[in-house]
Amino acid sequence: MRKKIIAGNWKMHKTVVEAKTLVGELKKAVGGVIDPVVLVCPPFTALTEVALVLKDSEIQIGGQNMHEADSGAFTGEISAEMLLTSGCSYVILGHSERRALFSETDKLVNTKGRKALDAGLIPIVCVGETLNQREDGVTEKVIEEQISGSLDSFSESDIMKTVIAYEPVWAIGTGKVATPEQAEEIHVFIRKLLAQKYGGETAEEITILYGGSVKSSNAVGLFEKKNIDGALIGGASLKADEFAAIVKAMM
Ligand code: PEP
């Protein structure tokens, strides 16, 4: 059975005090839920305080990014070990905002992914096409390149520990959610790519999340699809009741 995950990407939102309030509310609402895995990815500054609040709950914590080196002169960066020792078990890699605004390439995402796995973090590797790419009919080509580049040289055991998030860029923060059929079509395509490389049985075990304007009002339709194993959620993860409602839609 594939692991189901509902993950919240808080991006650059919430001070430490605000973060503690939000996870306190979430803990009350869904703190005991183990299926799906409930995951929050706060800003780095709030990680340790969030971990303290969530200590006696099932809610997991992730980083939003990390550097590929162990340590060194990389001003403003954070390492896998720093995430781990701040309470993280997951890390988001290659989010479209990192790719577009911070020039992250598939090669870099790949290096970070291997470092995360070596350190014992579960990478959530994001892929997705832009609106222009979709309109030009190259969605599958773009996804194929991102999957093969970002997961290059991942062994079968690496891929079994990896989570993939399909996040069409045109749906992120725009309110334009992909229809369940559009999302399922690409999830099936990603699983087919994984099956080609790792075999059908392994591909069936890999969690593939959808991300892009997921809300409690559209979650059920998405989650009914066979290949959608949960969601990576931006805006709607900043309100405890809304995020908890999405978690419950997956239960
Ligand atoms: C995201 O940033 O990963 C995301 C899916 O954002 P939103 O839910 O706000 O579209």
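This is a predicted model: local features need pLDDT of at least 70, side-chain atom pairs count only at pLDDT 80 or more; totals for chains, interfaces and linings use all residues.
A polar atom in the side chain of Lys11 is placed 2.5 Å from a ligand oxygen atom. The side chain of His95 also takes part, with an N or O atom 2.8 Å from an oxygen atom of the ligand. At Ser213 the backbone is involved: one of its N or O atoms lies 2.7 Å from a ligand oxygen atom. The ligand taken alone exposes 290 Å², and the protein buries 95% of that area. The space that the ligand takes up is the second largest pocket.

Ser153 is placed in the loop between α7 (139–150) and α8 (156–161). With a relative accessible area of 45%, Ser153 is partly exposed, because the value falls between the limits of 20% and 50%. A further backbone feature is the cis peptide bond that joins Asp35 and Pro36, with omega at about 10°. Pro36 belongs to the loop between α1 (16–30) and β2 (37–41). These cases deserve mention because most residues other than glycine have a negative phi, and most peptide bonds are trans.

Asp229 lies in the loop that runs between α11 (216–223) and β8 (230–233). Its relative accessible area is 0%, so Asp229 is buried, the cut-off for this class being under 20%. The side chain of Asp229 makes a polar contact of 2.8 Å with the side chain of Arg2. A polar atom of the Asp229 side chain is also 2.8 Å from the backbone nitrogen of Ile208.

Val188 is part of helix α9, which covers residues 180–198. Its relative accessibility is 38%, and Val188 therefore counts as partly exposed. Between Val188 and Gln133 there are 55 residues in sequence and 19 Å in space, the latter taken from C-alpha to C-alpha.

Key: Residues are numbered from 1 along each chain as its sequence is written. Side-chain values use heavy atoms; hydrogens and water are left out. A polar contact is a pair of N or O atoms within 3.5 Å; within protein, one must be able to donate a hydrogen and the other to accept it, and residues adjacent in sequence count only if both atoms are side-chain atoms. Accessible areas come from the Shrake-Rupley method with a 1.4 Å probe; for residues, only the protein chains shown count as cover. On a 1 Å grid over the protein atoms alone, a cavity is a set of points where a 1.4 Å probe fits but cannot get out, and a pocket is an open set with protein on both sides within 12 Å along at least five of seven lines; lining residues have an atom within 4 Å of a point. A molecule sits in a cavity or pocket if more than half of its atoms lie within 2 Å of its grid points. Helices (H or I, at least four residues) and strands (E, at least two) are DSSP runs, numbered from the N terminus. Buried means under 20% relative accessible area, exposed over 50%, partly exposed in between (1.4 Å probe, protein chains only).
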